[in-house]
Amino acid sequence: MSKVKYYYDPDTLSYRKIERKKRRTVKYISLFLLASALFAFLFVFIASQYIESPREKGLRHELQNAQLQLELLNKKMDETEVVLANIAERDNNIYRLYFEANPIPEEQRKAGFGGINRYKDLEGFDNSKLIIETHKRLDQIQKQIVVQSKSLDEITKLAEEKEKLLTAIPAIQPVNNEDLTRMASGYGIRTDPFTKVRKMHWGMDFTAPRGTPVYASGDGVVERADNGAAGYGNHIRINHGYGYVSLYAHLYKYNVRKNQKVKRGDIIGFVGSTGRSEAPHLHYEIFKDDQRINPINFYYGSLSAEEFNKLLEHASLENQSLD
C-alpha cells in the first residue's frame, strides 16, 4: 500500500492530501522510458565502438591473415624476381653468348600485356588497386618465366647441336705420332713426284709402314670405301655433317663399309700405297661445304702445343709430295 502524502496549506491553516495527477504520472513514465532508451542506445553505440563482437573478431583475424599472406606473397615475388634477373643475366651474357645466339632484350622479358583490360573483374572493391597491382606483378613474373623457359629450351637445343658438332668435326690426326716415319708433305704448292711439276697439293701426307692403323678423325657416316676415284687408290670418305667431309687415300685395306656409322678414333683402314702413290703413306684431305681446306687447322683434339708446332713446321716445307 502506497504511502499517503500531505502538504500544509497556509490559506486554510491545515494539512491537505496530495493528489497525484494521472497526466503527471504518464509524463514521469515517459521521461523514464526515454532516458532508458537513450542510455541503452549510448551503451550499444559505445560497445560497438570499443567492444568486438565474435563476428567482428573473426573478420579481424581473417583480415590479419590476408595481410600476412599478402606480405609473404610479395616477399616470394621479390625473391623470384631476383632469381629471374640472375638467370636472365647469365642467359644473355654466358649461355647465349657461348652458343652465338642473340641476347633477349630486357623489354621483351618484362613487356606488359596490351589489348583488353585483363583486370576489369577486379575493379570496384575496397582494395581493388592493391589486388590489381599484385595480379599484374604475378602475370609479369609468369611471362618472364615463360620467356626464360623458351630461351633455356633453345640453349639446350643449341648445346646438343654444339656437342654433336664438336664430336663431328675432324679434330684428330688420322695416324698416331708414334706410328709416323715422318710428315712427308703438307697442304699447298708442292712438287709432283711423277711429273716434277709444281702444283697444288690438297691434303697432307703422313708416311708410315704398310698396315699402320688409320683412325676416323670425327664422328660420321662412311660415304665411300672403294677405289673408284682416279689417283686415290683404295680410299674412304666420311661425311661428318655440318658440311665436313674427310678423305683417307692410298689405303692397304678397309676396316669399314659404305653407310657405316663411325666414331672419332675408330680404326677405319690401314696405310698402304695403292693408286697414284710413290711409297706407303696416308693422303688425308678435309672438305668444308665441298671446298678443300687445310687439315693442319684440325688437330687440336690429339696433339700438344709442341707437337702441333713441329707438325706445322714440317707441313710448311715446300718439298715433294708422295702422290
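How are H2 and H4 oriented to each other? In this predicted model, helix H2 (residues 54-98) packs against helix H4 (residues 128-168) at an angle of about 30°, and their axes lie 10 Å apart. Angles under 35 degrees count as roughly parallel, and H2 and H4 are therefore roughly parallel to each other. The crossing in which H2 passes H4 is left-handed.

As a whole, the protein contains five helices and 15 strands. Of its 323 residues, 31% count as buried. The accessible surface amounts to about 21700 Å², with 56% of it belonging to carbon and sulfur atoms. Among contacts between residues at least 6 apart in sequence, 64% join residues at least 24 apart.

The mean pLDDT of the protein is 79, and 78% of the residues reach 70 or more.

| Element | Residues | Mean pLDDT |
|---|---|---|
| Helix H5 (lowest) | residues 305-315 | 60 |
| Strand E12 (highest) | residues 261-262 | 96 |

Where pLDDT is low, the predicted coordinates should not be read in detail.

Phe270 is located in strand E13 (residues 267-271). Is Phe270 buried or exposed? Buried means under 20% relative accessible area; Phe270, at 18%, is therefore buried. Beyond its neighbours within four places in sequence, Phe270 is in contact with Gly211, Thr212, Pro213 and Val214, and also with Leu251, Tyr252, Lys253 and Asn255. Between Phe270 and Ala249, which are 21 residues apart in sequence, the C-alpha to C-alpha distance is 9.9 Å.

Key
Residues numbered from 1 in each chain as written. Predicted model: local features only at pLDDT ≥ 70, side-chain atom pairs only at ≥ 80, totals over all residues. Heavy atoms only, no water. Helix = DSSP H or I, 4+ residues; strand = E, 2+ residues; numbered from the N terminus. Buried < 20%, exposed > 50% of the residue type's maximum accessible area, 1.4 Å probe, protein only. Contact = heavy atoms within 4.5 Å. Areas by Shrake-Rupley, 256 points an atom, 1.4 Å probe, with all protein chains shown as cover. pLDDT = per-residue confidence, 0-100. Axes fitted to C-alpha atoms, helices over the stretch in contact; angles between N-to-C directions. Parallel < 35°, antiparallel > 145°, perpendicular 65-115°, else oblique. Left-handed = near helix turned anticlockwise from the far one by under 90°.
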